[in-house]
Structures are given as structure tokens and as C-alpha cells.
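Please have the sequence and the coordinates open while reading.

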Amino acid sequence: MRRLHELFTGTNTSRTTTWFFLPLSAAMASSPSFNSLICCLFLFSASMASAQLTANFYSQTCPTAMSIIRGAVSTAISRERRMGASLLRLHFHDCFVNGCDASVLLDDSATITGEKTARPNVNSIRGFEVVDTIKAQLERACPGVVSCADLLTVAARDATVALGGQTWNVVLGRRDSTTASLAAANSDLPSPFLNLPQLISEFGNKGFSPQEMVTLTGAHEIGQARCGVFKERIYNETNIDPSFALAMQRNCPRTGGDGNLAPLDSTTPTVFDNAFFRNLVNRRGLLHSDQQIYSGGSTNAQVDRYRLNSAAFFTDFGNAMVKMGNLSPLTGTNGQIRTNCRRPN
């Protein structure tokens, strides 16, 4: 509701779009026409923001930026292939909380409560040292030019490509926030325990269609999850291959072991391909929320399409990532270019 209030009162002055006040009645707010208006305004806001981002934003001010990020990401992944998934996850967890503004990177301080200790983030997001390394290299080459938000956006793309995925064109020009929101991180990041209607609603709140939700869930082609997140599924759910459940139970006991890790894609855990979707068809999704997108509901057909056509998935994934990268960026004179991604200047 706070975001809705800001949308119509213009109180969120840190973003690129200002809205005029519209007096609302309770009946109006609950009407279908009002909901349609909200959707249209959201899409208009997103298009206004993306119009200020460009593919060649750093071509004059830091022409080596893309090669610096690509090289550092490649080095990090060569040392630990899991890092590719970690960098991709950082971008997602950044953009879904008040937009792509690198707020996820801020450490707690006397004046800021960061997002790293939010329930969806603690013991989940990682890779901050890699971000520090990349940022230090960018600062040596082009001091005060490349934002941490853009760094995360490019690193997510380059990490996906390094693990076998298809590239996509990123647009740049985001600036960094000077604050974070622990509350928004706790409320806005989709839970791994959601059912399909809830997933559709959560992603819909960010402007994504059910089809784009399935596409973005494909990020689980790579990465790992903690035992405590999938324990309920492997012991108590029925929509699961029994042999897969048994295999997962060997490293995830019924009691204890909550920090033990298992790959989200048990077939090709460090390759970005389409095996994740084949696993879902075989009832081998690790997370409850993952298996929900192939559970007899409206998204089954899309999972079937992706398991048979990796090229279609790669194309759709790139498009969805571009759209996610356009969520409420700070541009122009809003925000800042942090010299250290962990704290405001």
C-alpha cells in the first residue's frame, strides 16, 4: 500500500517518474477498471525509465567497462562455478526490492539497515567480494563513472553466458541508491514455498506475466538451495519422483542439516541449459515453488515448450532479464555513483 500511495501522491521523489494526485474511494480502488489503470500506469512508468537507459551509456566515459566486468566474472567463475548463479541471484534480489538500484549491496551501518539480513537473503545471497573486486577495477579505470547497479546488471548477463547461456543486450545508465529497505526485502522477494497462483500474483505485482514468471524461474538452471528450504518437499510432498526424493534425503536429514546444499538442477547443476524444465516434467523440481509451475496448472504448456526448445527459453530469458533490469531504476541526477558498493559516498 505504501508503494501505491507513492504512485499516486508523488511522494517517492527519488525515482524518475512523478505522479499527480488522484483522490481514491475504496470502491474505486477495488474495481476492475482501477486495476487496469494501475497496470497501465506501471507499464508507462517502466517505459519512461527504460527510455533513459541506453546500450552505449559508457562508450565515451568508460569504454573498457564491459570488458572489465566480463573478464572479472570469467575469472571468478573459473575459480568457483557456483559463483555464476550467485551473481545472477544478486541482480534478481536487487531488482525485486524497490528496483535495480544496488540497495542489496549496502552493509548495515549506524544510519542504514541493509537488506542482507532479510529472511530471503540471509544465508542465500553471496558474491559480494566478487562485486568488490569488479568495482575496484572499474574505479581504477574510470573513477566515479560506473554504478554498482549497472555492474550487477552486466555481471548477471556475463555469468549466464559464461555457464552456457545465450547473451542479451543490456541497457545502462542506472544510478545507486543511498539507502535500503529491510522491510521491502522481506515482503517483495517471492518465497520458495508459494503455490502457482501466489507465484503468478507475486510476479504480477512487479509487472511480469505468468509466462515471464516461468521464464525467470528458469534462472534455477544453476545454483543451489539449502536443505531447510526444500526439506518439507522431499519428505512430505507427493508430487515428487520417489527416487529423487530419496537421493536428496541422503544429504538433507529429517532433523538437522538445514544448511546442507543441493543443486536446483540435479542434471546439469553448473550449466545454463534447459535441463531444469525436463526435471520438472519428471517431478524432480527441488523447490516447492519450482515444481508448482509444472503441476497440472496453466503453465505446464510453457514448461513443455522450454524442455523441448532451449533456443526459445534462451530468447525469452534474455527478454525477461532486460525487463527486470528496467524495474524502477534511478537515473539522471537521482541517486549517486557509489565508489564503494557497500556504502553510500
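Is Glu-80 buried, partly exposed or exposed? Glu-80 is partly exposed, with a relative accessible area of 29%; here buried means under 20% relative accessible area, exposed means over 50%, and partly exposed lies in between (1.4 Å probe, protein chains only).

The model is a predicted one, in which local features need pLDDT of at least 70 and side-chain atom pairs count only at pLDDT 80 or more, while totals for chains, interfaces and linings use all residues. Residues are numbered from 1 along each chain as its sequence is written, and side-chain values use heavy atoms, with hydrogens and water left out.

**Salt bridges in the whole structure**

- A salt bridge joins the side chains of Glu-80 and Arg-126, at 2.9 Å from N to O.
- This pair links distant parts of the chain, 46 residues apart: Glu-80 is in the loop between α4 (65–79) and α5 (82–95), and Arg-126 is in the loop between α5 and α6 (128–141).
- Helices (H or I, at least four residues) and strands (E, at least two) are DSSP runs, numbered from the N terminus.
- Arg-126 is also partly exposed, at 23% relative accessibility.

**The network of Asp-107, Lys-116, Asp-132 and Arg-342**

- Salt bridges link Asp-107, Lys-116, Asp-132 and Arg-342 in a network.
- Asp-107 is partly exposed at 29% relative accessible area, whereas Lys-116 is buried at 17%.
- Asp-132 and Arg-342 also meet through their side chains in a salt bridge, at 2.7 Å from N to O.
- Because Asp-132 lies in helix α6 and Arg-342 in the segment after α16 (310–325), this pair ties together parts that are 210 residues apart in sequence.
- Asp-132 counts as partly exposed at 25% relative accessibility, and Arg-342 counts as partly exposed at 21%.

**The loop residue Thr-238**

- Thr-238 is located in the loop between α11 (227–236) and α12 (242–249).
- Thr-238 is exposed, with a relative accessible area of 72%.
- The C-alpha atoms of Thr-238 and Arg-283 are separated by 9.5 Å, and the two residues are 45 residues apart along the chain.

Definitions and conventions
Salt bridge = Lys/Arg side-chain N within 4 Å of Asp/Glu carboxyl O.
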